[in-house]
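Take a look at the model below before reading on. The text then walks through it, part by part.

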Amino acid sequence: MKDQIAKPLLSVRDLSVSFSTDEGEVTALDRVDFDVFSGKTVGLVGESGCGKSVTAYSIMRLLPKPIGKVISGKVNFDGIDLLNLSPEKMREVRGNQIGMIFQEPMNALNPVQKIGAQLSEVFNIHKNITDHQAWLSSIEMLDAVGIPSPENRVHEYPHQLSGGMRQRVVIAMALACQPKLIIADEPTTALDVTVQAQILDLLKNLQKKSGSSILLITHDLGVIAETCDEVCVMYAGRIVEKGSTRKIFAQPKHLYTQDLLDSIPRLDGTPKKILKTIEGIVPSLLDLNNGCRFGPRSGREHTEAQLSERSPMREVSEGHWVEACPVCVEL
Amino acid sequence: MNAEEDFFQVKNLQVHFPVRGGVFKKAIGACKAVDGVSFSISKGQTVGLVGESGCGKSTLAKSIVQLVKPTAGELFFKGRLLVPGEGLTEYRKSVQMVFQDPAESLNSRMTVGAMVQEPMDIHRIGDKGGRLKRVERLLEQVGLPASSARRYPFEFSGGQRQRIGIARALALNPEFLVLDEPVSALDVSVQSQVLNLLMSLQQDLGLSYLLIAHDLAVVKHISDIIAVMYLGKMVEMGPSSEIYLNPRHAYTQALLSAIPIPDPSLKREKLIIPGDIPSPINPPEGCAYGHRVSATNYQESIQVESVWKKVGVDHWVLECPCCVSPL
């Protein structure tokens, strides 16, 4: 495939992140490894606490200091080693070359500043233009994300907009400098399905126009299926399976991916059928084993060694990788 | 109508909140959160209620359990009209509610046992020893160890907390549960555990459910009847497979189309609804949905009074010249 010869826009290699808490050091990410190619949408999917957002925050170097730190690994973005960049240089990348869309638009916007002022700030910082030009560009951006009568909206405050409109403003801010990569952290989770459909459609159209890549974080497998070219399934700080969306949904190899897909009710499914469940809860980061982390919940017998020693990632078919625990994966 | 269908009935229910303004905070308008809703639930049946946020789902639920006083309309439970102040205690015993966010609906300073026992204390059911026994049995019934009674909510995960909320709702042996988004705060793998629990409790205890959820896949999975609400009004109601296969109202069609389906090989044309749900304080004239999507026949809807029309077996739709195409 051509993609594999081309260099990825973003490559995350063996990224491990730890947090120091009152109860001790916890590993939030354990050797996370994936690529995002130019113009593609890659999804990170998993349950709460699996490390999806920590991955995004590590790439953006927004981990809370001093409790969170990267202990190993590399993040390469367009030839730049992001983890070793000076804070000043990193600020130039953030918002300019990598845009970020946050989950809760009300928290991502400043409640006491006008929409126009918040948008202009992006241009003032990254582009060498006058305030007036920045204001005009803000209006243009609002128009591009489908906000009606943008010349009036720039004078409004976030509380005057609906949830969907606020998320459009956040998207406008993330896209203002035409970044090559957009990191969207649960961009539609706080929204209604109808507004979610609008926002996903908008993101797809903007991506088509600008050719940028998207790293989409979500817990909704339906959103992944409809928007992503590739998907990484995360569990307890690790990627347990990754590959093209079609392959992962058609032939999931890891037991966790299979169980996750089976446990969601489907519109076309048999009504009132007892759903597949995964026993127990997502493990606490404080007591993680080193081997197969899904083992204790899998309902299948694991040996002591399988629970204490991590199995390597194995390529089961072209571009489809899985953490090859011999119990959870039938090869 | 036979006795089965008479189990629970809502007739033309309205909940209007006053909008106050001016110097003396006089009511200058009304927010019509629920505007003339009628439906009925049979014994052992699940009715799923869907709609966008702000359409009045939760207000309807709260008015059913009498946490909000309806402005107008009638509630019938087992054929008896509910009169405020009369027999309300009995009614509350039989109709209980499970709330959306288990973290917020549990008292963090009470033990789980005390919380599950509280309804029995209030209604003076059994003696002390009997209540304690019942608490343990209830906890086991929802899949928690009996020893949980001595612990506090923070010691439990989200899914377990929701089980506690369900155990508390079951304490008085209710016949009807109103479930307000019971699984939306939960992870996918835990969501299926709670849904299975709800389905098995219904079978064992013969409960009726009014399930409110924004996830149509969840609603369709466990409901017999699906009701769709838009801006305080019920726009369509019918057997869940019928609503799914043959939706008649344009809003139901668009809502179904907006749901992302976890199957990447499926290619479908999406109906994207523009804009947001309008404010119930100042709703547009005529058909509110037709106004939002600028439907071609919208003008006609201003002149006609929309009526509830039967279009199939148990399948009803709010007739409207712009949103429902004639058969």
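This is a predicted model: local features need pLDDT of at least 70, side-chain atom pairs count only at pLDDT 80 or more; totals for chains, interfaces and linings use all residues.

Start with chain A. It holds 14 helices and 12 strands. Its C-alpha trace spans about 65 × 50 × 45 Å along the principal axes. How does the radius of gyration of chain A sit with that of a compact globule? A compact globule of 331 residues would have a value near 20 Å, and chain A has 21 Å, so the two agree. Buried residues account for 45% of the 331 residues in chain A. Take the contacts in chain A between residues at least 6 apart in sequence: 63% of them join residues at least 24 apart.

Now chain B. Its secondary structure comes to 12 helices and 12 strands. The radius of gyration of chain B is 21 Å, close to the 20 Å given by the globule rule for 327 residues, so chain B is as compact as a globular protein of that length. The box filled by the C-alpha atoms of chain B is roughly 65 × 60 × 45 Å, again along principal axes. In chain B, 45% of the 327 residues are buried. Of the chain B contacts between residues at least 6 apart in sequence, 65% link residues at least 24 apart.

Next, go into chain A and find helix α5, residues 115-126. Two packed helices are described by the angle between their axes and the distance between the axes. Helix α5 of chain A packs on helix α8 of chain A, residues 163-175, at an angle of about 20°. Their axes are 9 Å apart. Angles under 35 degrees count as roughly parallel, and α5(A) and α8(A) are therefore roughly parallel to each other. The crossing of α5(A) past α8(A) is right-handed. Which residues make the contact? From α5(A) come Ile115(A), Gln118(A), Leu119(A) and Val122(A). From α8(A) come Val169(A), Ala172(A) and Met173(A). By class, this contact of α5(A) with α8(A) has 6 nonpolar residues, 1 polar and no charged.

Helix α5(A) also packs on α6(A), residues 131-144. Here the angle is about 115°, and the axes are 8 Å apart. The crossing of α5(A) and α6(A) is right-handed. On the α5(A) side, the contact uses Gly116(A), Leu119(A), Ser120(A), Phe123(A) and Asn124(A). On the α6(A) side, the residues include Trp135(A), Ser138(A) and Met141(A). The contact of α5(A) with α6(A) divides into 5 nonpolar, 5 polar and 1 charged.

Move on to a loop. Asp229(A) lies between α10 (221-227) and β9 (230-235) of chain A. Is Asp229(A) buried or partly exposed? With 18 C-beta neighbours inside 10 Å, Asp229(A) counts as partly exposed. Leaving out residues up to four places away in sequence, Asp229(A) touches Lys40(A), Thr41(A), Val42(A), Ser244(A) and Thr245(A). Asp229(A) and Gly39(A) are 190 residues apart in sequence, yet 9.9 Å apart in space, C-alpha to C-alpha.

Finish where the chains meet. In all, 36 residues of chain B are in contact with 40 residues of chain A. Elements of chain B that give two or more residues to this side are α7 (188-205), α8 (216-222), α9 (240-245) and α10 (250-258). Helix α7(B) gives the most, with 8 residues. By class, the side of chain B that touches chain A has 19 nonpolar, 11 polar and 6 charged residues.

Note on methods. Residues are numbered from 1 along each chain as its sequence is written. Chains are lettered from A and ligands numbered from 1 in the order in which they are written. Helices (H or I, at least four residues) and strands (E, at least two) are DSSP runs, numbered from the N terminus. The radius of gyration is taken over C-alpha atoms; the globule rule is 2.2 Å times the number of residues to the power 0.38. A residue is buried if 20 or more other C-beta atoms lie within 10 Å of its own, exposed if 12 or fewer, and partly exposed in between; C-beta atoms are placed from the backbone. Two residues are in contact if their C-beta atoms, placed from the backbone, lie within 7 Å. Axes are lines fitted to C-alpha atoms, for helices over the stretch in contact, and angles run from 0 to 180 degrees between N-to-C directions. Angles under 35 degrees count as roughly parallel, over 145 as roughly antiparallel, 65 to 115 as roughly perpendicular and the rest as oblique. A crossing is left-handed if the near helix is turned anticlockwise from the far one by less than a right angle, and right-handed if clockwise. Ala, Val, Leu, Ile, Met, Phe, Trp, Tyr, Cys and Pro count as nonpolar, Asp, Glu, Lys and Arg as charged, and the others, Gly among them, as polar.
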